[in-house]
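Welcome, and thanks for taking a look at this one with us. Below is a short briefing to read alongside the structure.

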Amino acid sequence: MSEAKKGDVILEVKNLKKYFKVGPNAILKAVDDVSFVLREGETLGLVGESGCGKTTCGRTCIGMYDKTDGEVIYKGQKVHELKGRDKTNFAKEVQIIFQDPYASLNPRMTVADIIAEGIDIHGLAKTKEERNQKVYDLLKLVGLNKEHANRFVHEFSGGQRQRIGIARALAVEPKFILCDEPISALDVSIQAQIVNLLIKLQKEMGLTYLFIAHDLSMVKHISDRVAVMYLGSMVELSTSEKLYAKPMHPYTQALLSAIPIPDPEIEKNRQRIMLEGDVPSPINPPEGCRFKARCKHATDICGKVTPKLVEVEPEHFVACHLFDK
Ligand SMILES: Nc1ncnc2c1ncn2[C@@H]1O[C@H](COP(=O)(O)OP(=O)(O)OP(=O)(O)O)[C@@H](O)[C@H]1O
Ligand SMILES: [Mg+2]
């Protein structure tokens with residue numbers, strides 16, 4: 001696989017669909033026609049309520065799930081068609097950090113063995129000493145130490161476990177990491193530490209992140225660009241700056257208005273946008289905008305035509321009939 005420079009597109013997702021058959025006549029459209037790119041060295045935040053398809057989208061992008069339709073291209077190669085050495089190389093370059101640092105680490109293995117699993121699989125250490133040294137270096141890199149190597153995960157706190165999960169991902173010198181809600185299960189006081197660690201590692205190692213979170217406040221600090229998903233579709237995508245300063249999609253506006261602002265004066269005079277109604281079911285969804293039932297701007301066309309994600313201002317994409325004129 002070729003080397004990419006900072007800013008080059010490394011992952012291209014084109015009209016990706018991932019459907020699950022959940023009954024004789026029921027198709028659950030978890031990811032329905034999603035397109036975006038990821039550039040080398042950036043963090044793209046992927047945000048949306050529970051069940052909107054973030055994990056399915058991320059996992060389909062890294063080939064953990066088959067796709068139903070569309071294409072995912074990593075450095076010029078189709079992810080779902082990789083074979084042989086290319087596949088092995090992809091499995092090394094692309095790693096995942098999971099939400100739950102309790103469930104994702106094997107309780108019967110020592111920390112050293114967990115971290116070194118990828119080193120062993122990909123033959124990255126020639127001797128036992130080299131393997132040990134790599135483990136120690138990784139522990140140090142994530143803010144743990146040598147003494148932790150021979151312990152088991154139950155001896156660690158949630159934050160420390162997530163550091164072990166990060167060390168495991170880094171062990172194979174990846175380029176791209178899918179961070180699937182890596183801080184959601186942690187205490188608020190620990191969340192910033194883990195985000196700062198991920199930012200530091202990104203700078204030092206030139207990593208690219210797809211960073212999943214369920215609310216916009218969590219990704220603000222880390223993301224260069226942010227994508228908002230609603231019920232299997234991407235409704236808005238922009239630079240963090242633009243998205244937070246001028247959210248365009250009614251759903252993004254509602255999500256943002258739910259985040260408290262630390263300035264009491266601004267907070268006092270602010271209008272909250274309440275989201276009414278529940279998220280509709282992704283099973284056999286009707287035509288049209290998925291958000292229409294909860295949108296106060298909805299008109300006839302919203303019930304008939306599914307809006308496409310279009311660039312309404314430079315670097316600002318929105319899927320809403322209010323803007324696609
Ligand atoms: N293997 C599966 N079989 C059937 N349906 C699935 C499967 N995996 C996910 N789904 C469904 O697909 C939809 C999207 O799920 P997904 O886990 O991707 O959402 P999410 O945005 O990551 O949610 P959360 O914030 O809770 O992690 C949900 O309706 C979910 O029930
Ligand atoms: Mg998820």
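Strand S1 (9–23), strand S2 (26–39) and H1 each contribute at least two residues to the shell around ligand 1. Please keep in mind that this is a predicted model.

**Around ligand 1**

- Ligand 1 is surrounded by 14 residues, and the closest are Ser 50, Gly 51, Lys 54, Thr 55 and Thr 56.
- H1 gives the largest share of this shell, with three residues.
- Sorted by class, the shell around ligand 1 holds six nonpolar, five polar and three charged residues.
- On its own, ligand 1 has 640 Å² of accessible area, and the protein covers 65% of that.

**Helix H1**

- Helix H1 (residues 54–61) is largely enclosed by the rest of the structure, because seven of its eight residues are buried.
- The buried residues in H1 are Lys 54, Thr 56, Cys 57, Gly 58, Arg 59, Thr 60 and Cys 61.
- Just after H1, Gly 63 has a positive phi of about 80°.

- Across the whole structure, a search finds 11 salt bridges.
- One of them pairs Asp 32 with Arg 290, whose closest N and O atoms are 2.5 Å apart.
- Asp 32 sits in strand S2 and Arg 290 in the loop between helix H10 (264–268) and helix H11 (300–304), so this pair ties together parts that are 258 residues apart in sequence.
- Asp 32 and Arg 290 are both buried.
- Another salt bridge joins Arg 225 and Glu 42, with the closest N and O atoms 2.7 Å apart.
- Arg 225 belongs to strand S9 (residues 225–230) and Glu 42 to the loop between S2 and strand S3 (43–47), so the pair ties together parts that are 183 residues apart in sequence.
- Arg 225 and Glu 42 are both buried as well.

**A salt-bridge network**

- Lys 67, Glu 71 and Lys 78 are linked in a network of salt bridges.
- Within it, the side chains of Lys 78 and Glu 71 meet at 3.9 Å, N to O.
- Lys 78 counts as partly exposed at 37% relative accessibility, whereas Glu 71 is buried, with a relative accessible area of 16%.

Terms used
Residues numbered from 1 in each chain as written. Chains lettered and ligands numbered in written order. Predicted model: local features only at pLDDT ≥ 70, side-chain atom pairs only at ≥ 80, totals over all residues. Heavy atoms only, no water. Buried < 20%, exposed > 50% of the residue type's maximum accessible area, 1.4 Å probe, protein only. Helix = DSSP H or I, 4+ residues; strand = E, 2+ residues; numbered from the N terminus. Near = heavy atom within 4 Å. Areas by Shrake-Rupley, 256 points an atom, 1.4 Å probe, with all protein chains shown as cover. Nonpolar A, V, L, I, M, F, W, Y, C, P; charged D, E, K, R; others polar. Salt bridge = Lys/Arg side-chain N within 4 Å of Asp/Glu carboxyl O.
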